[in-house]
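Subject: Structure handover

Hello,

Here is the structure for you to take over. My notes follow directly below it.

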Amino acid sequence: NARLTGLRFAGNDLTDSDEADSVRAMCLADWLGQAHGLTALDLTDSRLHLAGAHLLAGGLRHATCLLELRLQGCGLTRPGFQAIGRSIAQLTALKHLDLSNNLLAAD
């Protein structure tokens, strides 16, 4: 019974700028809620912004096996990071977190 352990979903828009973006973000969040064996998630250069960050936070709450999370270049601002920060704090297995090239100093 093979299980997906890594997902590279880089370069996608996961904002609420149009309906397709919102659907992608909701599908990813829903899938993360069921991907109990996922150990690596790469969302490099996926535009999250605040709406996508809130959806991602909901999915990350269930990703208890996640060891590596890459969110570089996702357009995260301080409010977006705060939205996912509480979920990240619950990921006790997390060993690697990359938030480079974001706008964390911006409001």
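I began with the largest cavity. Its lining consists of Leu14, Ala25, Leu28, Ala29, Leu48, Gly52, Leu55 and Leu56. Please keep in mind that this is a predicted model. The volume of the largest cavity is about 30 Å³. The count is one cavity of 30 Å³ or more. Two elements, α1 (19-32) and α2, each give two or more residues to this lining. By class, the lining splits into seven nonpolar residues, one polar and no charged.

Next, the helix pair. Two packed helices are described by the angle between their axes and the distance between the axes. Here the pair is α2 (residues 49-60) and α3 (residues 78-89). Their axes come within 8 Å and cross at roughly 0 degrees. Angles under 35 degrees count as roughly parallel, so α2 is roughly parallel to α3.

Which residues make the contact? From α2 they are Leu50, Ala53, His54, Leu56, Ala57 and Leu60. From α3 they are Pro79, Gly80, Ala83, Ile84, Ser87 and Ile88. Nine residues of this contact are nonpolar, three are polar and none is charged. Note Leu56: this residue lines the largest cavity and also takes part in the contact of α2 with α3.

Now the sheet. It is open, with four strands in the order β1-β2-β3-β4 and parallel pairing. Which strands stand at the edges? They are β1 (6-8) and β4 (96-98). Each of these has a single partner strand, so one side of each has no neighbour in the sheet. From one strand to the next, the twist averages 5 degrees.

Leu69 has Leu97 as its bridge partner in β4.

To recap, in case you are skimming:

- Cavity: lined by eight listed residues, among them Leu14 and Gly52, with α1 and α2 each giving two or more.
- Sheet: four strands, open, with parallel pairing.

Over to you.

Best regards

Methods
Residues numbered from 1 in each chain as written. Predicted model: local features only at pLDDT ≥ 70, side-chain atom pairs only at ≥ 80, totals over all residues. Heavy atoms only, no water. Axes fitted to C-alpha atoms, helices over the stretch in contact; angles between N-to-C directions. Parallel < 35°, antiparallel > 145°, perpendicular 65-115°, else oblique. Contact = heavy atoms within 4.5 Å. Nonpolar A, V, L, I, M, F, W, Y, C, P; charged D, E, K, R; others polar. Pairing = 2+ DSSP bridges. 1 Å grid on protein atoms, 1.4 Å probe; cavity = no way out; pocket = protein on both sides within 12 Å on 5 of 7 lines; lining within 4 Å. Points joined across faces, edges and corners; volume = space filled by probe spheres on them.
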